[in-house]
Amino acid sequence: MAATFGLLTEAGLGGVSVDEVSRRSGVAKTTIYRHWPTRAALLLDACSQLTARPEAPDTGSVAGDLAALAESIADRLTGRWSSVLPSVIDAAERDPELAALHARLHDEMMAAFHEVVGRAQAKGELPKDVAASDLIGAIMGPLFYRRWFSREPLTREAARTIADRALRGL
């Protein structure tokens, strides 16, 4: 598993082969196939090590909570996720098993945002008619844009600014 995960973080899904996992780990291919009958099964198991779900912060304000979550996502997008996530998204377009993994990772990553928005609505900090998905998109879109398209620095300060602008844009 360590060899597979190492390859994933270095080269994404396309960089993982059973031959290379065998070479790096020193484990025979037959042993690997005994535990994971297909390359996809091996990849799914390795990707399950990606802890997607950030904890829902409780800073005392929706602004603080959203800023903390945006910082957490920025950290992930500039860390080990940065080489794995694009390849998962790409592979999910063609492979139903990886599409299910992608959906699970997405749901886990967004759960904390939904919890923060729901709590803020219950406390009256946000109107009840605010769609959580719209607010989340207004934060996540710029984070992903900075990371993979504009290549602007994705700092914790930038993440806080993005969350603040999204909240003010309501």
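Reader: Which residues lie nearest the centre of the largest pocket?

Author: Happy to start there, and keep in mind that this is a predicted model. The largest pocket has a volume of about 220 Å³. Its lining comes to 14 residues. Nearest the centre of the pocket lie His106, Met109, Met110, Met140 and Phe144.

Reader: Which helix gives the most to the lining of the largest pocket?

Author: Let's begin with the helices that take part: H6, H7 and H8 each supply at least two residues of the lining. By class, that lining has nine nonpolar and five polar residues, with no charged ones. The helix that gives the most, with six residues, is H7.

Reader: How many helices does the protein have?

Author: Follow the chain from the N terminus and the elements run α-α-α-α-α-α-α-α-α. There are zero strands in the secondary structure. Along its principal axes, the C-alpha trace spans about 60 × 30 × 30 Å. The count of helices is nine.

Reader: Which element has the lowest mean pLDDT?

Author: Good thing to check in a predicted model! Where pLDDT is low, the predicted coordinates should not be read in detail. The protein averages a pLDDT of 90, and 98% of the residues score at least 70. Among the elements, helix H9 (residues 156-168) has the highest mean at 97, while the lowest, at 82, belongs to helix H6.

Reader: Which helices do the buried residues of H6 pack against?

Author: First, the buried residues themselves: they include Trp81, Val84, Leu85 and Val88. Ala91 and Ala92 are also buried in H6. The helices that the buried residues pack against are H1, H4, H5, H7 and H8.

Reader: Is Ser22 buried or exposed?

Author: Ser22 is found in helix H2, which covers residues 18-25. Leaving aside neighbours within four places in sequence, Ser22 is in contact with Val27, Ala28, Lys29 and Ile32. A residue counts as buried under 20% relative accessible area. Because the relative accessibility of Ser22 is 15%, Ser22 counts as buried.

Reader: How far apart in space are Gly60 and Ala120, C-alpha to C-alpha?

Author: Start with where Gly60 sits: in the loop between H4 and H5. Not counting residues up to four places away in sequence, Gly60 touches Asp65, Lys123 and Glu125. Gly60 and Ala120 are 60 residues apart in sequence, but in space their C-alpha atoms are separated by 9.7 Å.

Reader: What percentage of contacts between residues at least 6 apart in sequence join residues at least 24 apart?

Author: This one looks at the whole protein. Of its 170 residues, 43% are buried. Among the contacts you ask about, the share joining residues at least 24 apart is 65%.

Reader: What is the phi of Arg151?

Author: Most residues other than glycine have a negative phi. Arg151 is found in the loop between H8 and H9. With a relative accessible area of 58%, Arg151 is exposed. Although it is not a glycine, Arg151 has a positive phi of about 60°.

Terms used: Residues numbered from 1 in each chain as written. Predicted model: local features only at pLDDT ≥ 70, side-chain atom pairs only at ≥ 80, totals over all residues. Heavy atoms only, no water. pLDDT = per-residue confidence, 0-100. Helix = DSSP H or I, 4+ residues; strand = E, 2+ residues; numbered from the N terminus. Buried < 20%, exposed > 50% of the residue type's maximum accessible area, 1.4 Å probe, protein only. Contact = heavy atoms within 4.5 Å. 1 Å grid on protein atoms, 1.4 Å probe; cavity = no way out; pocket = protein on both sides within 12 Å on 5 of 7 lines; lining within 4 Å. Points joined across faces, edges and corners; volume = space filled by probe spheres on them. Nonpolar A, V, L, I, M, F, W, Y, C, P; charged D, E, K, R; others polar.
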